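Hello,

The structure we spoke about is below. Please load it before reading the notes that come after.

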Amino acid sequence: MLLFTAPSTAPEPPVAALPRLQPHPPTARAAVRVRTRERVSPWLLRTSAAALMLGIFLLDTLTTLEGAVAVLYVVAVLLVAGTHRRGDIAMAAAGSVLLTIIAYAQSHGMEHVGSQTVRAFVSLSAIGIAALLALQNQSAVRTLSAQATLLDVSHDMIFVRDIAGTITFWNATAESVYGFPSVQALGRRADELLGTRYPDRRENVEAQLLATGRWEGVLEQVTRHGNTLVLDSRWVLQRDDKGRPVGVLETHTDITERKAAYAALVRSEQRFRRMFDESRIGVLQQDWSAVRAELEARGLRDADALAHHIAGHPEFVGHARRLARIEEVNPAFAMMFADSESMTAPASVQDIIGDADRTFAAALLAFARGDAFHEGETEIVRRGGDRVPVLFTITFPSAGDADASVLVFVVDNTERQRAQDALLLAQTELAHASRVSTLGELTASIAHEVNQPLMSVVTYGEAGMRWLRRDPPDLHEVDTAISRIVSEGRRAGEIVQRIRAFLGKATAGHETLDIGHVIEEATRLVQHELARGAVDLHLELEPHLPAVRGDRVQLQQVLVNLMVNASQAMTGQANRRRLSVVAAATVDGRIDIAVADTGPGIAAEHLERLFDPFFTTRPEGMGMGLAICRTIVESHGGRLGVESTPGDGATFRLSLSTATETPV
């Protein structure tokens, strides 16, 4: 009699949460894929199992074959297990048991007890054991499949290798990122396949893994296409029931872009630090978060509200200066402030600017408006007490910016201011020379204008003498003659004073002026010159012209120069010689002064160079007059231009901004 035993096909239960790793078993994921591709139809398996069970039943009942034929029902149970349905396994087992009992009853009867009974019992036991093992195997496979699926859908690259480094599991993300299909990766050594570079010696990494059961670190691996990946790696060691290491689960997160971004951030920080430390421009890093909080607490959420508050509470500006904390200064500013690159930074803005500063209020308004930056000119007070003129630019963070740092760039303006003073002095000297030259051309006019009151003084003096010699003296006429002498003497004094002022070398000082009076005084200076050249002066001044701010003498110099040039341009002209000076206010809040003549005009090729230094169209000219005029006008914030049509005269237009103060 033959005895058949059912083989055990169920693997051991999983260790921990991971599938147990054997030296070279097919992986769970590979098994799942094989089953997916090669799974036989459940109906075919059920039909085959039913046919097999029927055949075994007929063999057991219709033949005299001695042996535990019923044990062959185990094959039917294992066959139906391929459907992966617990119900199919239970039905096949129950059907096999039932057919075994029926066959035993028909062949031997229920009363018989003997060796056939033992064989029947062995067959029933085999069927039951096979069914239990099949059910257990199905449960284990489901668990392994679920675990493999979880590993497969992870966004990290996951693979399992044995203790020798051979890959036994390779998830879908690993396939996608590394570029190696699982069929190429399985069975290969991980380090050789991926060219792994460790942060330490490989032996040290493995020793830590064996000692602690895990290892974490950053390493580099190379993809199939040759790209190097920077990975955040985590290893977990798996041991068998006896504590022997059997495999390693490696999880890798691609941090290449994160690492590159961090490296770029570090480089940017290094560049900023190098610029901060090595710049020859003073840089201050300030914290204005307390200033913003104070504005919010006081309800000053816009520039208009802040300006109104400052107007009523000017002491708030000083309070805000103390709230603007200085976090750090670069060596250039340290040298500017204290002649030491290693000084301790001042505590607040209040410590570096004086109480008389008027620029911080404007910076506060720019901050409240949300401006990106603010520029200005002020003085910083050094630790020794002396003052340094500086130009500054403040860059403000946006309202939603978590970084409340304010950067202030400061340039020492001492040398520039000295150069400006020297340039101003040179311009003053040049303007004085130009005025002297202009007055040289007006010598005849000046002599005539001064001679008139002097001759009147002589005439009235002689008349007074005659009235005194009469018998009796006519004292009334004498009084009249003396009064006229005094009047003409004052007139001569005013003429001399006006000429002295015009020739003066005093530094330009801006004041609020009545531009109409300035024009009238300038025309009086050239009146005789115009009369000598038979030039008809037409003066048209708009009533109640707004005041301007400027230097009286310099503006007169510009007007005198323009009128003298116009008169000279019309010299020898047979046509009517007419000079028009028109002053009027414009719609954009400026004053426009036009000096127009009826001369031959200016050639088109000369217009672009007319204001260039040393350019002149007259053989005896120096070519400096118009250049000086434009410089003076631009220093007053104005514009000087020319319009001309050859043969139809020229018009010089002088545009000045208006002032709001009362003119003098």
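The notes below cover a helix pair, a sheet and one serine.

This is a predicted model, in which local features need pLDDT of at least 70, side-chain atom pairs count only at pLDDT 80 or more, and totals for chains, interfaces and linings use all residues. Residues are numbered from 1 along each chain as its sequence is written, and side-chain values use heavy atoms, with hydrogens and water left out.

Helix pair. Helix H2 (residues 42–62) packs against helix H3 (residues 73–80) at an angle of about 175°, the axes being 9 Å apart. H2 is therefore roughly antiparallel to H3 (the term applies to angles over 145 degrees; helices are DSSP runs of H or I, at least four residues, and strands runs of E, at least two; axes are lines fitted to C-alpha atoms, for helices over the stretch in contact, and angles run from 0 to 180 degrees between N-to-C directions). Residues making the contact (heavy atoms within 4.5 Å) include Leu45, Leu52 and Phe57 of H2 and Tyr73 and Leu79 of H3.

Sheet. An open sheet of 5 strands runs in the order S7-S6-S10-S9-S8, with antiparallel pairing (two strands pair if DSSP finds at least two bridges between them). Strands S7 (325–329) and S8 (373–381) are at the edges with a single partner strand each, so one side of each has no neighbour in the sheet. S9 (residues 387–395) and S10 (residues 405–412) pair over 6 bridges, and Phe392 stands opposite Val410 in S10.

Serine. Ser655 lies in strand S17 (residues 650–657). Its relative accessibility is 10%, so Ser655 counts as buried (under 20% relative accessible area, with a 1.4 Å probe and protein chains only).

Regards

Methods. Buried < 20%, exposed > 50% of the residue type's maximum accessible area, 1.4 Å probe, protein only. Parallel < 35°, antiparallel > 145°, perpendicular 65-115°, else oblique.
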